[in-house]
Amino acid sequence: MDKVYSDARAALAGAVKDGMTIMAGGFGLCGIPETLIEAIRDSGAKDLTFISNNAGVDGIGLGRLLETRQIRKMISSYVGENKLFAQQYLSGELELEFNPQGTLAERIRAGGAGIPAFYTKTGVGTLIAEGKEVREFNGEKYVMEMGLFADISVVHAWKGDTEGNLVYRKTARNFNPMMATASRLTIAEVEHLVPAGEIDPDCIHTPGIFVKRMVHVPNPVKHIEQRTTRKRAEAAPAGAGEEV
């Protein structure tokens with residue numbers, strides 16, 4: 001089975017349809033499958049539900065799909081960096097399902113593991129628990145959360161081989177490995193594509209059995225979401241600090 005496609009549009013061909021649920025890896029702008037997101041935009045598919053930790057920022061990542069009004073609903077943990085997201089939500093254009101970040105991660109992991117639901121103490125007695133089943137275990141209350149499973153997952157990996165085995169780099173690992181297991185079709189963009197067998201099996205984060213399509217995206221732009229700097233220390237005057 002040839003999993004490697006010539007470009008992102010080819011990798012998505014015939015897969016993306018209106019009304020789908022799509023998982024998109026990344027945290028902020030770190031590890032986002034930006035090339036595949038651009039291809040989803042170009043597909044013209046609309047009324048999409050996206051499961052993602054956040055919605056990118058204005059003009060980058062999922063922010064591009066908000067610009068074209070292709071997203072109907074977001075299932076997310078944090079959306080504070082995107083002004084367009086806030087505008088669309090407050091105007092009623094965009095539906096939002098908020099999750100505590102750990103709960104979102106576990107819902108995705110559960111979906112990939114075939115677990116339909118689980119109980120957690122997080123959110124008990126808050127708005128998060130409204131309309132959900134609450135049960136008592138050992139004298140403590142827990143709220144039931146449903147596992148998440150998507151039609152498509154789009155993920156970004158640092159390295160991949162032609163069999164679909166993936167390796168993520170540092171914090172870009174974030175939500176990508178869990179999302180790669182939790183959909184009917186996982187499509188990966190990889191920075192470094194190598195022949196099968198070149199990745200040490202002990203270093204593989206996502207086994208190729210989960211990945212059906214891949215696209216090689218060398219030298220992707222690595223955006224910086226928040227740049228924090230401080231002034232360079234001024235040089236000490238000549239002779240300063242010397243003993244008299």
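**View 1. F50 and its contacts in the predicted model.** Leaving aside residues up to four places away in sequence, F50 touches I22, A24, I40, L62, L65, I71, K73, M74 and I75; a contact here means heavy atoms within 4.5 Å. This is a predicted model, where local features need pLDDT of at least 70, side-chain atom pairs count only at pLDDT 80 or more, and totals for chains, interfaces and linings use all residues. Residues are numbered from 1 along each chain as its sequence is written, and side-chain values use heavy atoms, with hydrogens and water left out.

**View 2. The nonpolar cores.** A nonpolar core is a set of buried Ala, Val, Leu, Ile, Met, Phe, Trp, Tyr and Cys residues joined through side-chain atoms within 4.5 Å, and buried means under 20% relative accessible area (1.4 Å probe, protein chains only). The largest core has 32 residues, of which F50, M74 and I152 touch the most other members. Helix α2 (residues 34–43) gives the most to this core, with 4 residues; a helix is a DSSP run of H or I, at least four residues, numbered from the N terminus. Another core, of 20 residues, lies apart from it and includes L148, V155, Y168 and M214.

View 3. You will find F137 in strand β7 (residues 134–137), a strand being a DSSP run of E, at least two residues. F137 counts as partly exposed because its relative accessibility is 30%, and partly exposed runs between the buried limit and exposed, which is over 50%. Not counting residues up to four places away in sequence, F137 touches Y119 and Y142. From C-alpha to C-alpha, F137 and G197 are 47 Å apart in space, and they are 60 residues apart in sequence.
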